[in-house]
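The sequence and the structure come first.

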Amino acid sequence: MLFICYPTCTTCQKAQKWLDANGVAYDLRDIKEENPTYEELVSWLATSALPVRRFFNTSGLQYRALELKDKLPAMGEDECLRLLATDGMLVKRPLLIDNDRVLIGFKEPEWQEQLLL
C-alpha cells in the first residue's frame, strides 16, 4: 500500500498514526518531494471512480492562488490531471493507494470500513 502525504499536514499525521495503530503496512511518499505523475493520476482516477475534482486540495494556498474554484468547472478531465501533476500541493492528501482502491483525504470511518473489514 502506498501512503502519500505531506509530513507537516496535521490530517496526514493523524492518518499515519491511525495506520500505525491499526497495523496497516504501507510505503511512505512525501507529496512535496515526489509529485504524483500524470500517469499515476490517470490510474488512480480510474480506480477510484471519483470525479477528478475530488483530487484537488481545495483548502490549499496554490488552489486559491490559481483561482481554481472558478476555473475548474470549465476545465476538462485531462487538463485537470495535467495540472495536478505539476504540483503535489494541489493534490488532496493524504492518499492511500493499493491495487484496487484509492482513498483520498482522511475520514476515519471510511478508512476503518475499507481497511479493517
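In what follows, Ala, Val, Leu, Ile, Met, Phe, Trp, Tyr, Cys and Pro count as nonpolar, Asp, Glu, Lys and Arg as charged, and the others, Gly among them, as polar. The model is predicted, with local features requiring pLDDT of at least 70 and side-chain atom pairs pLDDT 80 or more, while totals for chains, interfaces and linings use all residues. Residues are numbered from 1 along each chain as its sequence is written, and side-chain values use heavy atoms, without hydrogens and water.

**Pocket**

A pocket is an open set of points on a 1 Å grid over the protein atoms alone, where a 1.4 Å probe fits and protein lies on both sides within 12 Å along at least five of seven lines; lining residues have an atom within 4 Å of a point. The largest pocket holds about 150 Å³ of space, where volume is the space filled by probe spheres set on the points, and points are joined across faces, edges and corners. Its lining consists of Cys9, Thr11, Asn57, Ser59, Lys92, Arg93, Gly105, Phe106 and Lys107. By class, the lining has two nonpolar, four polar and three charged residues.

Helices (H or I, at least four residues) and strands (E, at least two) are DSSP runs, numbered from the N terminus. Cys9 sits in the loop between strand S1 (2–5) and helix H1 (10–21). Cys9 is buried at a relative accessible area of 16%; buried means under 20%, exposed over 50% and partly exposed in between (1.4 Å probe, protein chains only).

A nonpolar core is a set of buried Ala, Val, Leu, Ile, Met, Phe, Trp, Tyr and Cys residues joined through side-chain atoms within 4.5 Å. The largest such core has 23 residues, and Trp44, Phe55, Phe56, Leu68, Leu84 and Leu95 have the most contacts inside it. Helices H2 and H5 and strands S3 (95–98) and S4 (101–104) each supply at least two residues of this core. H5 gives the largest share, four residues. Another core, of 14 residues, lies apart from it and includes Phe3, Cys5, Leu19 and Trp111.

Cys80, Leu81, Leu83 and Leu84 are the buried residues of helix H5 (residues 77–84). They fall within an arc of 160° seen down the axis of H5, so they line one face of the helix; the arc is that of the directions from the helix axis to the C-beta atoms. These residues pack against helix H2 (38–48) and helix H4 (68–71), contact meaning heavy atoms within 4.5 Å.

In H2, the buried residues are Leu41, Trp44, Leu45 and Ser48. Their arc is 100° seen down the axis of H2, so they too line one face of the helix. Glu39 and Ala46 are exposed on the other side of H2.

**Backbone and spacing**

Most residues other than glycine have a negative phi, and most peptide bonds are trans. Ala49, in the loop between H2 and helix H3 (61–65), is exposed at 66% relative accessibility. Glu67 lies in the loop between H3 and H4. A cis peptide bond joins Arg93 and Pro94, and Pro94 is in the loop between H5 and S3.

| Item | Angle | Value |
|---|---|---|
| Ala49 | phi | about 60° |
| Glu67 | phi | about 55° |
| Arg93 and Pro94 | omega | about -5° |

The C-alpha atoms of Cys9 and Pro94 are separated by 8.8 Å, although the two are 85 residues apart along the chain.
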